[in-house]
Amino acid sequence: MANTYVKIGSVSVGVGGAANMTFSSIPSTYTDLVVKFSARVSTGTATTDQMLISFNGSTTTFSMRNVYGTGSAAGSINNGGNERLIGWIDTSNQTASTFANGETYIPNYAGSTNKSLSTDLVQENNATAAYAAMTANLWSTTSAITSIALTPATGSFEIYTTATLYGIKNS
């Protein structure tokens, strides 16, 4: 059976920025969800910022495993203090007009079991350091996912930051 992507919605940040990007009223008619995003944040002095995810307004019962490379080093984090982390995104202190790009895959989002997700994310930066990361998260709740919020750990999303939510339906 072939899988089909169906666009559920998209968010584009306008002038003035945004504290988060949220998809609400997600129907339970798909088998899986995919969020594709291109993000940049305004921050004071930070050269990277964390992209965080939450479901149904919940910021608890998450766990995480992350592996990453920066261009000069590699490492991993296991529940390193922010279990909603899905990767690092570009900031206003990095190369102008560059964005981190990523994709988060959420299988069986409407099922009655805990929800797993995986994210593949890469930063763009005209310097020696830029993150490439793979993250696996678990939301230990059996509720169906009806809303998703993407939020920077600090700062706010800059203009032209976008996210698109797709439902995957077996056809």
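First, the ground rules. This is a predicted model, where local features need pLDDT of at least 70, side-chain atom pairs count only at pLDDT 80 or more, and totals for chains, interfaces and linings use all residues. Residues are numbered from 1 along each chain as its sequence is written, and side-chain values use heavy atoms, with hydrogens and water left out.

What is the chain built from? The protein has 13 strands and 0 helices. Along the principal axes, the C-alpha atoms fill a box of roughly 45 × 35 × 30 Å.

Of the 171 residues, 41% are buried. Buried means under 20% relative accessible area, exposed means over 50%, and partly exposed is in between, with a 1.4 Å probe and protein chains only. Take the contacts with a separation of 6 or more: 78% of them come from residues 24 or more positions apart. A contact means heavy atoms within 4.5 Å.

A word on charge. There are 7 positive and 8 negative side chains, and the centres of the two sets lie 9 Å apart. Lys and Arg count as positive, Asp and Glu as negative; His and the chain ends are not counted. Each charge is placed at NZ of Lys, CZ of Arg, CG of Asp or CD of Glu.

On to strand E3, residues 32-42. Is E3 mostly covered or mostly open? Mostly covered: 9 of its 11 residues are buried. Which strands does E3 pair with? Pairing here needs at least two DSSP bridges between two strands. E8, residues 100-107, runs antiparallel to E3 and is joined to it by 8 bridges. There, Val 34 has Tyr 105 as its bridge partner. E13, residues 162-170, is also antiparallel to E3, with 7 bridges. Ser 38 partners Thr 162 in E13. E12, residues 156-157, pairs antiparallel with E3 over 2 bridges. Its Ser 156 is the bridge partner of Ser 42. E7, residues 85-91, pairs with E3 in the parallel sense, over 2 bridges. Val 41 meets Thr 91 there as its bridge partner.

Next, Ile 77. Find it in strand E6, residues 74-78. Leaving out residues up to four places away in sequence, Ile 77 touches Met 64, Arg 65, Asn 66, Tyr 68, Leu 85 and Trp 88. Met 64 is 13 residues from Ile 77 along the chain, with 7.9 Å between their C-alpha atoms.

Last, two backbone angles. Thr 61 is not a glycine, yet its phi is positive, about 60°. Thr 61 sits in the loop between strands E4 (49-55) and E5 (62-69). It counts as partly exposed, at 41% relative accessibility. Ser 97, also a residue other than glycine, has a positive phi near 60°. Its loop lies between E7 and E8. Ser 97 is exposed, with a relative accessible area of 64%.

Key:
Helices (H or I, at least four residues) and strands (E, at least two) are DSSP runs, numbered from the N terminus.
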